[in-house]
Amino acid sequence: MVTKLRRDDVCRTVIPYVSRAMANQCVAYQRLPLTRDYVDWVMNDTDQLTVALDEVKGACIILVATRGQDPALCAARLANIATDLVRDYDVHTVFWNGSDVPIAARDFLQDGCQTLVPGVADELVVPRKVHLRGGSPRKTRRAKTAQLDHWLLQAMRAHVLSIDPGEIEMMENEERRAKTAPMRLSAWVLSIATALLATPLAIPLMVHNLVRGEDVKSGALALGVAGFYATLAQTGMVPGLAEFL
């Protein structure tokens, strides 16, 4: 395809325009890493589309080629993509299927493109929209992804239900237990401070520190409760609080 635009102008829009042309055909596509001279796309995980650009005497030449398992389907897709690019870039001349005979863009859009390879019977390929059988590949991919997510949720739920509650309690105690010397010392300081305010509340806390390991969080909570009760006792609100409860 030959257009009056400059190569730099076409480079800025060739990727989104080609992607839109493939999306109009309802095919799943993925662009491969960029190279220096051309851009490749993979369609439906089997076919490949290549777009190359060149500039001759101020005119940009757009080369589009397809490779795939079904030659007829590849030719139809190539005609559809070329039709969209002819409109997008205001192409004035089209060379179809490697022929040296030019086709006017207006005739290409109106009458379709004709293979002009010497020694091969002429075959008319009319640009049309291709509809794949068996549903859209994107819908199939989304359905497989949703099914995989469902299986993962089921596996996670089965794993959670199989865990013994005793193991969860042991894991929580292990997580809360102080592991460094400063944290263990802090737990005992909190226990001693609680014993000064409320000895009955500090005894089970010290037993817990000796049997299951030092717990700073439990010590802080116990000290807070003891301090709150001591404050109420100093203000004379304890008898009224007992009646209220």
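Tutor: Gladly. Cys 11 has a relative accessible area of 35%, which lies between the 20% and 50% cut-offs, so Cys 11 is called partly exposed. Keep in mind that this is a predicted model.

Student: What makes Cys 74 count as buried or exposed?

Tutor: Its relative accessibility is 6%, and buried means under 20%, so Cys 74 counts as buried. Cys 74 is one of the buried residues of α2, among them also Leu 78, Ile 81 and Leu 85.

Student: Why does the end-to-end distance of helix α2 agree with its number of residues?

Tutor: Helix α2 runs over residues 71–88, which is 18 residues.

Student: What is found at the start of α2?

Tutor: There, a side-chain oxygen of Asp 70 comes to within 3.3 Å of the backbone nitrogen of Ala 72. The cut-off for a polar contact is 3.5 Å.

Student: And just after α2, what phi does Asp 90 take?

Tutor: Asp 90 has a positive phi of about 55°, and it is a residue other than glycine. Most residues other than glycine have a negative phi. Asp 90 sits in the loop between α2 and β6 (93–94). At 62% relative accessibility, Asp 90 is over the 50% cut-off and therefore counts as exposed.

Student: Where does Cys 26 lie, and what is its phi?

Tutor: Cys 26 is in the loop between α1 (7–23) and β2 (29–31). Its phi is positive, about 60°, although Cys 26 is not a glycine. With a relative accessible area of 46%, Cys 26 is between 20% and 50% and so is partly exposed.

Student: What makes Val 42 partly exposed?

Tutor: Its relative accessibility is 22%, and buried would need a value under 20%, so Val 42 counts as partly exposed. Val 42 belongs to strand β3 (residues 38–43).

Student: Which residues does Val 42 touch, leaving out those up to four places away in sequence?

Tutor: Val 42 touches Ala 28, Tyr 29, Gln 30, Leu 32 and Asp 47. The C-alpha atoms of Val 42 and Leu 32 are separated by 7.2 Å, with the two residues 10 apart along the chain.

Definitions and conventions:
Residues are numbered from 1 along each chain as its sequence is written. This is a predicted model: local features need pLDDT of at least 70, side-chain atom pairs count only at pLDDT 80 or more; totals for chains, interfaces and linings use all residues. Side-chain values use heavy atoms; hydrogens and water are left out. Helices (H or I, at least four residues) and strands (E, at least two) are DSSP runs, numbered from the N terminus. The expected span of a helix is 1.5 Å times one less than its number of residues. Buried means under 20% relative accessible area, exposed over 50%, partly exposed in between (1.4 Å probe, protein chains only). A polar contact is a pair of N or O atoms within 3.5 Å; within protein, one must be able to donate a hydrogen and the other to accept it, and residues adjacent in sequence count only if both atoms are side-chain atoms. Contact means heavy atoms within 4.5 Å.
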